[in-house]
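Grab a pencil and work through these exercises with the structure open beside you. Try each task before you read its solution.

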Amino acid sequence: MIELAYIIAIALCLARAIFGPSFADRVVSIDTASALLIGFIAYMGVYLDLSYLLDIAFVIAILSFIGTIVVSLYMKGSLK
Amino acid sequence: MIVQLLWWVSAFFAVVGAIGIVRFNEVYLRVHANTVCTVGGTMLLLVSLAIQTGSPKYLLLIIFLAITGSAASHIIANAAYESGVKPTDTFKVHGGKDV
């Protein structure tokens, strides 16, 4: 049941990322969806008894942080 | 027992934050909903998983999310302000500066 709630939350965030009016709305929505995806993957690692899914959650955390920083700098205009 | 209670509370915060992402009407309010999803949803779920399994790697992921989540929220709001997204009248009501 917990994973169903997380799937619904990620789907709502991705819907806002598709229909978002401005560019910054999409950045916030994708960052929120990736943060929820980290918790979802860590939970499925315990639920399915696969311990390597936590390492995948670490990699997604690092990559989403770097992606958010780079896209924000591009939106700001300081990335030539 | 307490682990399953923390699971339901984190699922509640995740769904409420996602509804806030959909329903709010500007970027600066969506950054607030982003923090609700990160702290109330993901970090609370990781605390419950750390209690259940007893592994210290979950605490390392919690510390990493606490550092990078605040930095990402700040740089998104700063970039939206610098790129010309104007705050609506919500800030004027609560004493913010006129833009």
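**Exercise 1. Find which residues have the most contacts inside the largest nonpolar core, and which element gives the largest share of this core.**

Step 1: Know what you're after. A nonpolar core is a set of buried Ala, Val, Leu, Ile, Met, Phe, Trp, Tyr and Cys residues joined through C-beta atoms within 7 Å. Buried means 20 or more other C-beta atoms within 10 Å of a residue's own, exposed means 12 or fewer, and partly exposed is in between, with C-beta atoms placed from the backbone.

Step 2: Look it up. The largest core has 46 residues, and Y6(A), A9(A), C13(A), L36(A), A42(A), A14(B) and I76(B) have the most contacts inside it.

Step 3: Go by element. Helices are DSSP runs of H or I with at least four residues (strands: E, at least two), numbered from the N terminus. α1, α2 and α3 of chain A and α1, α2 and α3 of chain B each supply at least two core residues. The largest share, eleven residues, comes from α2(A).

A note on the model: it's predicted, so local features need pLDDT of at least 70 and side-chain atom pairs count only at pLDDT 80 or more, while totals for chains, interfaces and linings use all residues. Residues are numbered from 1 along each chain as its sequence is written, and chains are lettered from A and ligands numbered from 1 in the order in which they are written.

**Exercise 2. List what I76(B) is in contact with, leaving aside neighbours within four places in sequence.**

Step 1: Contact means C-beta atoms, placed from the backbone, within 7 Å.

Step 2: In chain A, I76(B) meets A24(A), V27(A), V28(A), D31(A), T68(A) and S72(A).

**Exercise 3. Describe how α3(A) and α3(B) cross.**

Step 1: Their axes come within 9 Å and cross at roughly 15°. (Axes are lines fitted to C-alpha atoms, for helices over the stretch in contact, and angles run from 0 to 180 degrees between N-to-C directions.)

Step 2: So α3(A) is roughly parallel to α3(B). (Under 35 degrees is roughly parallel, over 145 roughly antiparallel, 65 to 115 roughly perpendicular, and the rest oblique.)

Step 3: Check the residues. Among those that meet are F65(A) and T68(A) in α3(A), with L65(B) and I76(B) in α3(B).

**Exercise 4. Say where D49(A) lies and whether it is buried or exposed.**

Step 1: D49(A) sits in the loop between α2 (23-47) and α3 (53-76) of chain A.

Step 2: D49(A) has 8 C-beta neighbours inside 10 Å, so it counts as exposed.

Note on methods. Two residues are in contact if their C-beta atoms, placed from the backbone, lie within 7 Å.
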